[in-house]
Amino acid sequence: LDTLASACSDAAGKWRESGIENRARVLERAADNMASRIYELAAVQVREVGKQWDQAYNDVCEAIDFLRYYAREGRKLFAPVRLSPIRAERNEQRIRPRGIYAVIAPWNFPLAISCGMTSAALVCGNGVLYKPADESEITGRLMWEILIEAGVPRNLLALVPGPGEEIGAALVAHPDIRGIAFTGSREVGMGIIASAASPSPGSRHIKAVIAEMGGKNAIIVDEDADMDVAVEAAIYSAFGFQGQKCSAASRIIVMKEVFQEFRTRLVEAARSLIIGDPLDPGTRLGPLVRGEAEEKLTRYLAIAWEEGEELLYRHPMAIFQVEGMEQRICREEVFAPLLVIMLADNFERALEMANDVDYGLTAGLISRNPAHIARAAEELDAGNIYINRSITGALVGRQPFGGHKLSGIGAKAGGTDYLSQFIVPVSISQNLVRRGFSPEFPG
Ligand code: NAD
């Protein structure tokens with residue numbers, strides 16, 4: 001790591017001097033390259049992490065969107081700004097890169113999230129040591145190749161694959177790292193935040209941390225909901241990519257008036273999903289990413305049975321009907337196709353239940369009641385709120401994405417503030433009233 005970090009530092013000066021226009025163009029070239037290889041890049045994900053074709057295709061689209069969006073936002077951010085034009089004083093704000101970033105990525109959006117974090121750091125003039133998730137190293141390698149081919153200096157962007165507990169942890173602790181862009185589990189994210197908060201002796205920097213973590217996301221279905229929309233949104237949000245999305249719905253809170261109808265239709269819709277090999281484009285539900293994830297799901301099924309929950313359906317996804325909110329399957333992220341449905345006596349209670357978790361990532365409401373829609377927009381405690389649609393699939397620039405509470409810290413990915421986390425702004429104030437003359441002044 002020392003060698004990579006020092007080569008990265010050496011390359012960073014030139015990259016910074018090359019200017020924002022050059023850096024933005026590099027990102028745009030990479031986007032064009034990805035667009036021309038979209039089916040190949042999607043196919044790798046189908047093979048590597050078991051995504052369905054449509055989900056894999058969407059992931060590549062999102063990566064392309066990130067590249068183009070951050071190129072555009074970078075041009076805006078680095079445009080010179082003159083502040084308060086008063087006489088005899090020049091005030092300006094200039095932007096500097098922060099230094100070297102560790103980008104630590106998850107496997108579930110293996111190209112999009114890696115590409116978003118990496119391209120944001122690069123366009124701002126930083127160097128990057130990039131660690132893909134162990135499960136998606138081929139996709140990580142392809143992203144690295146494409147960025148290098150597009151013009152990122154080879155030493156400026158280093159690919160550092162390896163086990164998270166070793167390589168990831170070493171990156172986080174490395175004294176040359178000035179910032180960490182992490183997306184992954186709460187457990188690892190909280191460890192990174194803690195580690196970054198205690199700089200090693202002699203270090204003169206506080207590492208900036210962006211940590212996007214998990215969710216336990218709810219959709220409320222109220223008594224005025226269009227049931228076709230409700231069932232479709234619940235199924236897609238809960239079981240798309242086998243529920244392995246931070247934004248996935250894992251709780252559906254249904255008002256008592258429509259509970260029976262919704263429950264029956266949800267189970268029938270789940271029964272109709274085509275389960276099989278993701279290589280087949282007709283497949284709607286495939287395998288979990290690895291054996292450990294299957295074991296985790298099995299563990300939580302056992303917990304649910306022990307807690308006495310009513311299993312409504314299982315094949316291989318699981319739908320439970322749950323009373324109360326204290327059960328572990330109502331509170332902990334399982335990251336698998338495990339869905340609970342719960343009954344709420346009134347809308348007030350439904351909002352309370354939706355918010356009564358540690359996380360605050362996505363949430364949704366299915367309703368035709370304008371008063372309920374207005375309250376949900378104001379009172380659902382989540383970073384991304386969706387009304388009358390699925391709660392996954394945020395688009396860059398259209399639904400800037402990111403949560404709060406224990407779901408993360410940092411500005412929204414794909415939003416206007418995101419790049420400002422990768423820079424150091426410097427204010428320069430110059431007194432223009434001179435006394436006397438400088439002897440060296442040639443005029
Ligand atoms: P993970 O935390 O296990 O791994 C994420 C990355 O961290 C990997 O590259 C891994 O190798 C690395 N890592 C593991 N241990 C580390 C350590 N001790 N120090 C430094 N790095 C370490 O998560 P995952 O299984 O890859 O992804 C699933 C999780 O990610 C879920 O919790 C999901 O909700 C979350 N996620 C969140 C978002 C979001 O935008 N909020 C998006 C996608 C995924």
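Helix α2 (residues 19–36) packs with α5 at an angle of about 155°, and their axes are 9 Å apart. This is a predicted model, in which local features need pLDDT of at least 70, side-chain atom pairs count only at pLDDT 80 or more, and totals for chains, interfaces and linings use all residues. Residues are numbered from 1 along each chain as its sequence is written, and side-chain values use heavy atoms, without hydrogens and water.

Helices here are DSSP runs of H or I with at least four residues, strands are runs of E with at least two, and both are numbered from the N terminus. Axes are lines fitted to C-alpha atoms, for helices over the stretch in contact, with angles from 0 to 180 degrees between N-to-C directions. Angles over 145 degrees count as roughly antiparallel, so α2 and α5 are roughly antiparallel to each other. I20, R23, A24, L27 and M34 of α2 meet C115, S119, L122 and V123 of α5; contact means heavy atoms within 4.5 Å.

Now the second largest pocket. A pocket is an open set of points on a 1 Å grid over the protein atoms alone, where a 1.4 Å probe fits, with protein on both sides within 12 Å along at least five of seven lines; lining residues have an atom within 4 Å of a point. This one holds about 570 Å³ of space, the volume being the space filled by probe spheres set on the points. Of its 30 lining residues, E62, F109, G393, A394 and F401 are closest to the centre. Which elements give two or more residues to this lining? They are α4 (53–77) and α5 (112–123), and α4 supplies the largest share, eight residues.

Technical notes
Parallel < 35°, antiparallel > 145°, perpendicular 65-115°, else oblique.
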